[in-house]
Amino acid sequence: MHTPPLAGGPTGPCALHPLLDVVLAALREGAVGRGGPLPHGGPEAVAVRVAAAVGEVFPSRGTGAEEALSTLVRTLAEGAADPADPRCAAHLHTPPLALAAAADLAACALNPSLDSWDQAPAAAELEALVTRALAAEFWPGGDALVTSGGTESNQLALLLARERHGAVQLVQGANAHHSLSRAAWLLGLPEPVTVPAPAGTLDPASLDEALTALHRPSLVVATAGTTDTGAVDPLPEIAALCARHGAELHVDAAYGGPLIFSDTHRDRLRGLEHAHSVTLDLHKLGWQPVAAGLLAVRDPARLAPLAHTADYLNADDDTEAGLPDLLGRSLRTTRRPDVLKIAVTLRALGRTGLADLVDRTLALARSFAALVADHPALDLYEQPALSTVLFRPTGATDDEVAGIRRALLTEGRAVLGRARADGRLWLKATLLNPHTTTGDLAQLLKTVEGSTPR
Ligand SMILES: *Cc1c(COP(=O)(O)O)cnc(C)c1O
């Protein structure tokens, strides 16, 4: 029987080339076949089409690489919610840059695993360089871990606080990401203290009260860019309160963190430099394919509790002999080189290139908000803080708003999110596509109008 070729080694690229032609053709055909931001018909119709296209999942005789790639990639592309389409704007679901996806292919072909130096000699060094460079955006001399995303970064931040203080008390805003209370649960920490966020941002006066009432080590988590509205908590005030009460500060900047690259918008992260740790997701405003998360820490010594030894990966004598010890850089063992696509992006675009993408995306949100504000039959929740715009048809009920969103999804016409704010349900446009034009945004509003009950 013919043994399928490998992706690596000097012959790997030759084996990959014809397969990539198949994959790229299938991606193109799938996108054209879909003809919109997502497949029409809703979950049942999609399930029927996928099951029909797939047929037998695990046949006893295989169909061969070309057929399998062509069929399954086309099926997935045809049935994708594609963030590269301007009408796909529900979530912090980024359209990845082509150069980052190309870099990720190389990562797959080489398959370094970052749990030991002998599986990833250059990748380990690249990760060390990139993580230090990104942490230096926040503090000189900081360090960062590569994670699977904001959820893991927040978990690690809580874990590191627990290792310093024991049963640390998480104090979070009512606007904090759901992964934080889950992390507290996972780590066996006390129920989080939740501080009101009446205007969508953590209220400093209430935080002051909460910290005054607490008599144990606390970790305050502030958010720089909430998932629902993009709101940024008042970081300088929160940092001052943490300092006064002896609490530690973690900032969940999964969404808003990349504003640090922009001369125009960096100021909105003022106060972040006082945080002990920061969550940053480059698979949001960083245009990376999933996963590209980071947990940055001001003091690299804080990472010490993650140190861990397994003789086959980082025996003491190997470490003493100079082999880098990587196991303490994650809770995972086998670990992808997500750093490659990040490094390629930072180098290819440079700070100005990345800042331009951030600026462009935030400007789009302001344009969209202006279109909504000028529209006689739509209400705007507020001026966007980052790239999220909440809006709703004037006078609609919450059920109607939810119905509009589902109708757009079912008809395959637009992917919008939903968010509760002000006690009401809103349609949410999370703009992340820097190629979207104001014309596209006007079209998106027309599409929403077309689904609004009269
Ligand atoms: C997206 C997000 C997270 C979770 O990140 P994942 O990458 O989805 O795990 C956490 N916090 C905030 C504010 C986010 O926007």
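Predicted model: local features only at pLDDT ≥ 70, side-chain atom pairs only at ≥ 80, totals over all residues.
**Exercise 1. Work out the strand order of the open sheet, and say which strands are at the edges.**

Solution. 
- Write the seven strands in order: S2-S8-S7-S6-S5-S3-S4.
- The pairing is mixed.
- Strand S2 (143–147) and strand S4 (193–195) are the edge strands, since each pairs on one side only.
- From one strand to the next, the twist averages 20 degrees.
- Look inside the sheet: S6 (residues 248–253) and S7 (residues 277–281) pair in the parallel sense, over four bridges.
- Alanine 253 has leucine 280 in S7 as its bridge partner.

**Exercise 2. Describe the shell around the ligand: how many residues surround it, and which are the closest?**

Solution. 
- Count the shell: 14 residues.
- The closest are Thr151, Asp252, Asp281, His283 and Lys284.
- Sort by class: three nonpolar, eight polar and three charged.
- Helix H6 (residues 150–165) gives the largest share, three residues.
- Check side-chain distances to ligand oxygen atoms. An N or O atom of threonine 151 is at 2.7 Å. A polar atom of aspartate 281 lies at 2.7 Å. For lysine 284, the value is 2.9 Å.
- Finish with area: the ligand alone exposes 380 Å², and the protein buries 85% of that.

Definitions and conventions
Residues numbered from 1 in each chain as written. Heavy atoms only, no water. Pairing = 2+ DSSP bridges. Helix = DSSP H or I, 4+ residues; strand = E, 2+ residues; numbered from the N terminus. Axes fitted to C-alpha atoms, helices over the stretch in contact; angles between N-to-C directions. Near = heavy atom within 4 Å. Polar contact = N/O pair within 3.5 Å; in protein donor to acceptor, adjacent residues only side chain to side chain. Areas by Shrake-Rupley, 256 points an atom, 1.4 Å probe, with all protein chains shown as cover. Nonpolar A, V, L, I, M, F, W, Y, C, P; charged D, E, K, R; others polar.
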